[in-house]
Amino acid sequence: MSELSVEAKGLTKYFGAFKAVDHVSLEVPTGSIYGVLGPNGAGKTTSLRMMLGIVDPDSGESRLLGGHAPQSVRHRVGYLPEERGLYPGMKAREAIAFMGALRGLDWAEGRRRAATFMTELGLERVIDEKIRKMSKGMAQMVQLIGSIVHAPDLIVLDEPFSGLDPVNQERLETLVRREQTRGATILFSTHVMAHAERLCDRIAIIARSARRFEGTVDAARALLPMQVRYTPRTDDDGLAALLPAGAERRGDAWQFPIQDDAVEPLLARITASGHGVAGLSIVRPALHDAFVHIVRQVDAGFDADAHADAIEEFAA
Amino acid sequence: MSPFLRTLFVIARRDFLSIVATPTFLLFLLAPLFMIGMGALGGVGASQLADSARGAGRLVVIADPGDMEALRDADDRLRDALPGDRPAALELRIAAANTDPVAVAQEKGRDTYAVMSGSLAAPRIVEREAGSRSGRYLALLATEVLRSRAAGTIAPAAPRFESLTRGGTSIAAQQSIGFGAVFVIFLLTLLLAGQSVGMLAEEKGNKVIEILAAAVPLESVFLGKLLGLLGVAILFIAFWTAMAVGGGLIAMTQIDPAAMAQAGAAAGASAPPAVLAVAPATGWPFFIGMSFLYFVMAFLLLGAVFLGVGAQASTVREIQMLSLPITIFQVAMFSLSTAAANAPGSGLATIAQIIPFSSPLAMAARAATDDAKAVHLLALGWQAIWVALVVYLSVRLFRSGVLSGRSDWRFWKRSAGAG
């Protein structure tokens, strides 16, 4: 693994008697897009805040951008907090320049970049509009620009997609990819799996205050067996015996999970049985299912059967 | 510039502009006009009342016709010689058999302060208030008539008055200057520093605090906010100083130069204006400079306390509740400094000069009465240390409490819960 942009070890935080974060460790490789996933109240935001040195952990430590203390590299970090906030009386251009100036960017340069960014994101109409006159989504985009206007090496976004319409979500994804191309490392939290699945090189899943999974999106999906949907040309009572136990009939099709090494034997059995193939799909469950699976496991302490709902049929 | 200072100025700039560039600030800036206006109205009313009352007051002497001329002459002489306020107008009446001095004293339509009747050697004086000045004056008048009768007319002394133009200001005057400095600094901090109690409420309300806390050290947020507010305060003071100086210059051009020259000749060619004859022990330029620096220190110290306390509050109501103890704290520091200003060199004064929150006020008073200058450098350093300490403690409290998302402000309970 290459150099690390974030290296957090054993972060723990108590709020009174409640353990909000329990020994969370994260290693974010430089140049990657990293997702922190978790249900509401899992401890994502507190973990990020400790990582950035906004809140002091009760135990554990965090190093950023190659072993520096978070406070010493503030000007190289951009952060979009979960609770959005801007001075309502400020104009968008000034607000962005102000946020840049806080991180050491020259005011004039900040204003110039603000105009460029806003034009690129389709907000050129409101460059000199006061924040209080903007819609919530617009203000959020302004704040997002403000947190990356100083071209930081590490960008941390807490729930960046919540509150944005699909068009702006798409723009944000483009922006994130572009920042990665520029060389930045992006760490964001979300509970919307689709964004993580599309964007992230690696993810960590936090549930009930602790980290429950770390790895690539594919590795997370591989936690669950592949799902088979098979539609025979001719069906009779003998077919059920050919299929693995637990196969369920849904209309004309059969659905069942399958282990990786059982695919070829199954195909051979189906071919030999003469029931024919009217439709067959074998797909990995989506990240969504893996996520729900992990969270449920943690919550209830039992293995929940995942249910694949993203199925792509392909002609046999 | 170090990153800390740079971010400090970014915060200060934002705060300064956000306060100054609003219509409300104009109202704030011009607020003293209302005060001056009300004061002027009250003053005019009061002086009119005094004028109308003054004409109505009188002293009455009921005497024999033979004494009338002597009494009138004696009154003319004494009236001019008495320092301070002149006695009320004298009314002479010829004694009749049935004249009752009490009835005369109670006549309607005029204020009668005292009535003298009977023989001049043993007069009866009826006065409105026991031991009043008017009663004593009438007694003096009778004595004067008797004396001039006995000794004949004596030419009055022809004194030559000389006033001390050099030779130092009296201690009492210097103490008054000291008190004046304490009062002005107190008034300005009361008007201006108290605002800092609500300053972080804005950031907490619109959640900007999280951006600030992530981007810059909280110390520079706190200090930057104080600095921004100090900028507003200095703008306010500069504006009113300019107004006062401008007003003074305009007033001087309005005065007839001939009248000025005449006044100068009357006072003596080399006599300086009366105001400048009174000077603080350290001299005017040093004193004014120091008073300004002590104002800055008082502002920063009290502002830092209020900012720190206000940062713990989570609602506007809590901030309003906090402003009472804060004002009481300020008044307590003012009382202590006033007591110190009135007793320079005493133990109380030393205590007031050492307690950091009254130190700027008490030291400004000291600059008026004590000519030692080096001690002020020490005091400024001592106060600066306390500004830093208060800001540091406020930040620690804010970080461990508010930013950690704990609603409970009882920090001792928090640490117990976390343990």
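## A lysine in a loop

Where in chain A does A:Lys133 lie? You'll find A:Lys133 in the loop between helix H3 (107-120) and helix H4 (136-148) of chain A. Keep in mind as you look around that this is a predicted model.

Is A:Lys133 buried or exposed? A:Lys133 counts as exposed because it has 12 C-beta neighbours inside 10 Å, and a residue with 12 or fewer falls in that class. Now look for A:Pro88: it sits 45 residues from A:Lys133 along the chain, yet the C-alpha atoms of the two are separated by 8.2 Å.

## A covered strand in chain A

Let's move on to strand S3 (residues 33-37) of chain A, where five of the five residues are buried. Both faces of S3(A) are covered. On one side you have A:Ile33, A:Gly35 and A:Leu37, and on the other A:Tyr34 and A:Val36.

Which strands does S3(A) join up with? One is strand S7 (residues 185-190) of chain A, which pairs with S3(A) in the parallel sense over five bridges. In that pairing, A:Gly35 stands opposite A:Phe188. Another is strand S8 (residues 202-207) of chain A, also running parallel to S3(A) and joined to it by four bridges. Here A:Tyr34 stands opposite A:Arg202.

## Chain B and its sheet

Over in chain B, there are 17 helices and four strands. Of its 419 residues, 32% are buried. If you take the contacts in chain B with a separation of 6 or more, 76% of them link residues 24 or more positions apart. The chain is divided into domain 1 (57-151) and domain 2 (169-252 + 277-418), and the C-alpha centres of these two domains lie 58 Å apart.

Four strands of chain B make an open sheet with mixed pairing, in the order S2-S1-S3-S4. At the edges are strand S2 (89-94) and strand S4 (124-127) of chain B, each pairing on one side only. From one strand to the next, the twist averages 20 degrees. Strand S1 (residues 57-63) of chain B runs parallel to S2(B), and six bridges join them; B:Val61, for instance, has B:Leu92 in S2(B) as its bridge partner.

Helices pack on this sheet too. Helix H3 (residues 68-81) of chain B touches S1 and S2 of chain B, and its direction makes about 175 degrees with that of S2(B). Helix H5 (residues 133-151) of chain B touches S1, strand S3 (111-117) and S4 of chain B, at about 35 degrees to the direction of S3(B).

## Nonpolar cores

The largest nonpolar core has 153 residues. Those touching the most other members are A:Ala95, A:Val142, A:Ile145, B:Phe299, B:Leu301 and B:Ala364. Helix H12 (residues 284-312) of chain B gives the most to this core, with 17 residues.

What does B:Leu301 touch, leaving out residues up to four places away in sequence? Its partners include B:Pro356, B:Phe357, B:Trp386 and B:Val390. There's also a second, separate core of 19 residues, with B:Ile62, B:Ala74, B:Ile125 and B:Leu138 among them.

## Where the chains meet

How many residues does each chain bring to the contact? Chain B brings 23 residues and chain A brings 26 residues. On the chain B side, helix H1 (3-20), helix H8 (208-215) and helix H17 (411-418) each supply at least two residues. The largest share, seven residues, comes from H8(B). Sorted by type, the chain B side has twelve nonpolar, six polar and five charged residues.

Definitions and conventions
Residues numbered from 1 in each chain as written. Chains lettered and ligands numbered in written order. Predicted model: local features only at pLDDT ≥ 70, side-chain atom pairs only at ≥ 80, totals over all residues. Contact = placed C-beta atoms within 7 Å. Nonpolar A, V, L, I, M, F, W, Y, C, P; charged D, E, K, R; others polar. Core = buried A, V, L, I, M, F, W, Y, C linked by C-beta atoms within 7 Å. Buried ≥ 20, exposed ≤ 12 C-beta atoms within 10 Å, placed from the backbone. Domains from an automatic or database assignment. Pairing = 2+ DSSP bridges. Axes fitted to C-alpha atoms, helices over the stretch in contact; angles between N-to-C directions.
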